[in-house]
Amino acid sequence: MVSREEVVKSVPQKGFFGHPKGLLSLFFTEFWERFSYYGMRAILIYYMYYEVTAGGLGMERSTANSIMAIYGSLVYMSGIIGGWIADRLLGTTKTVFYGGVLIMFGHIVLAFPGGTTPLFISMALIIIGTGLLKPNVSSIVGDLYSESDVRRDSGFSIFYMGINMGAFIAPLIVGTVGLEYNFHLGFGIAAIGMAFGLIVFLITKKKYLGLAGSFAPNPLGKEERKKVITRISIAVLVVLIVGFILVQQGIMTFDVFTMTVSILGIVIPTLYFIVMYRSEKTTADEKSRLLAYIPLFVAAMMFWAIQEQGSSILAQYADERVDLMIGSFEISPAWFQSLNPLFIIAFAPVFAWFWVKLGDRQPSTPKKFAYGLFFAGLSFIVMIIPAYVNGTESLVSPWWLVLSFFLVVLGELLLSPVGLSTTTKLAPAAFAAQTMSLWFLTSASAQAINAQVVKFYSPENEILYFGVIGVIALGLGFVLFIFTPLIQKYMRGVK
């Protein structure tokens, strides 16, 4: 087994803004992967609920919002599969590549006209592909640094900026093409973006990544592998057969499926914590750090429950409640999806510099999470104001939506890149990639819950909707802030 020190030594440690050269490879791989994903997502909600005559599928808005939430939940929930495959079978680099291939084919399916069947086939491919790629590419970033390297949080912030550069450009290009010309042409551009990401990864990984991600840290033995693969194959076959029968009998309706995923969003991470905590491969210090990770997980879940509504509830808000005319120029509702990554691009370098400047004087991880929740709560509280002042019948200024996205981005920069970094530091050694999958389950669980929550939104009750969710986030942030010293104690020296 190759040690972590050997992995770090195999990676060129300078060459990309003072960071390992491998960060350059992963930066641009994620740039193009996020271009494809966020480009597709910028027009997906509109594709589902626009009338057939406008090139859409003509779904009910509440149904489209629930599908968006379930889709997002399953995308991140599938990270469990990707983490396990990387840890036990392939290593992270191979898993990332195969995931990118599946994502590309998922976008290709949507590039051709069809009804709901191609939509769900495409979603299935992208769900599995993203599960293989996303947690593992972040795990490789962690492999580039030693545990004591002070550049670690800064490196994740730079990596996070690369993600959002792709996410910023995508809605402007794919959103414009999809809404102004043709939805399927927009989805085709997303497929091209993922193809670019695969090319970048293949060309640069050997030169810049060294041994990072090249081996499975907890591989299955030959006999054990045969047994596990056989059991998984049988389980998948049984699930498909039972699912087909339930659908045919009318038992597995969309509402039942949505509720099932919502329940799994809570049950799966709970079981994950239990398995890792009780494992003989988890040391006493690692068990203590897992306990410290639980309140951070809950806080992140609350944060993403708000942030992820940017592509569903706020996208619908932009389409129906916002005055899209600026003088004689009409903006596209899809362009609002570029606000989140735009603000991250602008402020991620500032945050990265700030953490390095503060060094050991920077706020602890739990406090950063608490501040993140405060900003997330405020991003929904401000959405009350235009409806309270002018009612829900008139169109509102686009600047309210800009302010909401800005506030949630401040929270995201406090919580998300720090959460990625902290996860790699708190992870038990035997569950390295799988713990990164657990981090992405914060978003999966949030969106699984959102699948039920978004049904309550309508322009008529938006004051109550935004107000209740915003207040809950503020309250949870305050509780986390109060219990920071106790959480820090359980982190056993991890700052």
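Tutor: Among the contributors, α10 has the largest share, with 10 residues. Helices here are DSSP runs of H or I with at least four residues, numbered from the N terminus. You are looking at a predicted model, where local features need pLDDT of at least 70 and side-chain atom pairs pLDDT 80 or more, while totals for chains, interfaces and linings use all residues. Residues are numbered from 1 along each chain as its sequence is written, and side-chain values use heavy atoms, without hydrogens and water.

The largest pocket holds about 2,200 Å³ of space. Look for Leu74, Ile81, Ile128, Val239 and Leu240, which are the closest to its centre among the 41 lining residues. By type, this lining has 34 nonpolar residues, 6 polar ones and 1 charged one. (Asp, Glu, Lys and Arg count as charged; Ala, Val, Leu, Ile, Met, Phe, Trp, Tyr, Cys and Pro as nonpolar; the others, Gly among them, as polar.)

The model contains 2 cavities of 30 Å³ or more. On a 1 Å grid over the protein atoms alone, a 1.4 Å probe fits in a cavity but cannot get out, whereas a pocket is an open set of points with protein on both sides within 12 Å along at least five of seven lines; lining residues have an atom within 4 Å of a point.

The largest cavity has about 390 Å³ of space. Its lining counts 32 residues, and Tyr38, Tyr160, Trp304, Gln307 and Glu412 lie nearest the centre. Helices that give two or more residues to this lining include α2 (22-49), α7 (152-180) and α16 (398-426), and α16 gives the most, with 6 residues. Here the lining splits into 15 nonpolar, 12 polar and 5 charged residues.

Finally, the second largest cavity has a volume of about 50 Å³. To find this cavity, pick out Asn65, Met68, Ala69, Glu308, Ser311, Ser312, Gln447, Asn450 and Val454, which line it. Both α3 and α17 supply at least two of the lining residues, with the largest share, 3 residues, coming from α3. That lining is made of 3 nonpolar, 5 polar and 1 charged residue.

Technical notes:
Grid points are joined across faces, edges and corners, and a volume is the space filled by probe spheres set on the points.
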